[in-house]
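Please consult the sequence and the structure shown below while reading.

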Amino acid sequence: MVNERLAALLDEIGIETKKKIYWEESIESIQIVKTHPNKTDKKIEDVRVLLVEDQPSNRKTLEVYLKHKVGKVDIAENGKQAVEKYAKEEYDIILMDLQMPIMGGIEASLRIRKIEEERQVKRPTPIIAFTANYYSDDKDISVEIGMDVYLSKPFQCKTIYELIQEYV
């Protein structure tokens, strides 16, 4: 059962978090769920993005699109790499696929939130979760563990860009 797995993971990592959904809509074939943004006044051309995606074609498409719009795009091919990169460097926003080998986006996000808790950050890094697994519990779990946006695939790159602008 998903809730038992999530409870065990939360207990293992040792964090508590719950966000409130403030906006949810389905547009054609995609679903977007958002929590309240905690915006900064950072210019979009200075934004540092960590893109976490295991599929090379999806990763490349987003990277090529974003690299001309934001300051920096770092790549992680799975959740384990994302946690390692996050532990070493600061990012303004994280784009996190949920279904990946080695470590999925849910576990990686929990571990990132734990790092933030240990660092006592004032503003947690916004995490935009995306998945092709539209009919799973991922939406509820994503918000429950502290992700800021849930987005179902397929989506347009401009949707991600608009979300980045809304959350940084």
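**Salt bridges and packing in a predicted model**

Lys72 is partly exposed, its relative accessible area being 33%. The structure is a predicted model. Across the whole structure, a search finds 14 salt bridges; Lys72 takes part in one of them, with Glu89 as its partner.

**The Lys72–Glu89 salt bridge**

- In the salt bridge between Lys72 and Glu89, the closest N and O atoms are 2.7 Å apart.
- This pair links distant parts of the chain, for Lys72 belongs to strand β4 and Glu89 to the loop between α3 and β5 (93-97), 17 residues apart.
- Glu89 counts as partly exposed, with 28% relative accessibility.

**Arg59 and its surroundings**

- A salt bridge joins Arg59 to Glu77, and their closest N and O atoms lie 3.8 Å apart.
- Because Arg59 sits in helix α2 (residues 56-67) and Glu77 in the loop between β4 (72-76) and α3 (79-88), the pair ties together parts that are 18 residues apart in sequence.
- Arg59 has a relative accessible area of 12% and is therefore buried, the cut-off for this class being under 20%.
- Glu77, at 40% relative accessibility, counts as partly exposed.
- Apart from neighbours within four places in sequence, Arg59 is in contact with Leu51, Glu53, Asp54, Ile75, Ala76 and Glu77; Glu77 is also the salt-bridge partner of Arg59.

- Glu117 forms a salt bridge with Lys114, in which the closest N and O atoms are 3.2 Å apart.
- Both Glu117 and Lys114 lie in helix α4 (residues 105-119), where they are 3 residues apart, about one turn of the helix.
- Glu117 is partly exposed, and its relative accessible area is 41%.

**Packing of α3 against α4**

- Two packed helices are described by the distance between their axes and by the angle between those axes.
- The axes of α3 and α4 come within 9 Å of each other and cross at roughly 15 degrees.
- The crossing angle therefore makes α3 roughly parallel to α4, a description that applies to angles under 35 degrees.
- The crossing in which α3 passes α4 is right-handed.
- On the α3 side, the contact is made by Gly79, Val83, Tyr86, Ala87 and Lys88.
- On the α4 side, Ala108, Arg111, Ile112, Ile115, Glu116 and Arg119 make the contact.
- By class, the residues of the contact between α3 and α4 divide into 6 nonpolar, 1 polar and 4 charged.

**Ile128 in strand β6**

- Ile128 has its place in strand β6 (residues 127-131).
- With a relative accessible area of 0%, Ile128 is buried.
- Not counting residues up to four places away in sequence, Ile128 touches Ile93, Ile94, Leu95, Met96, Val149, Ile160, Leu163 and Ile164.
- Ile128 and Tyr167 are 39 residues apart along the chain, and their C-alpha atoms are separated by 9.2 Å.

Key:
Residues numbered from 1 in each chain as written. Predicted model: local features only at pLDDT ≥ 70, side-chain atom pairs only at ≥ 80, totals over all residues. Heavy atoms only, no water. Helix = DSSP H or I, 4+ residues; strand = E, 2+ residues; numbered from the N terminus. Buried < 20%, exposed > 50% of the residue type's maximum accessible area, 1.4 Å probe, protein only. Contact = heavy atoms within 4.5 Å. Salt bridge = Lys/Arg side-chain N within 4 Å of Asp/Glu carboxyl O. Axes fitted to C-alpha atoms, helices over the stretch in contact; angles between N-to-C directions. Parallel < 35°, antiparallel > 145°, perpendicular 65-115°, else oblique. Left-handed = near helix turned anticlockwise from the far one by under 90°. Nonpolar A, V, L, I, M, F, W, Y, C, P; charged D, E, K, R; others polar.
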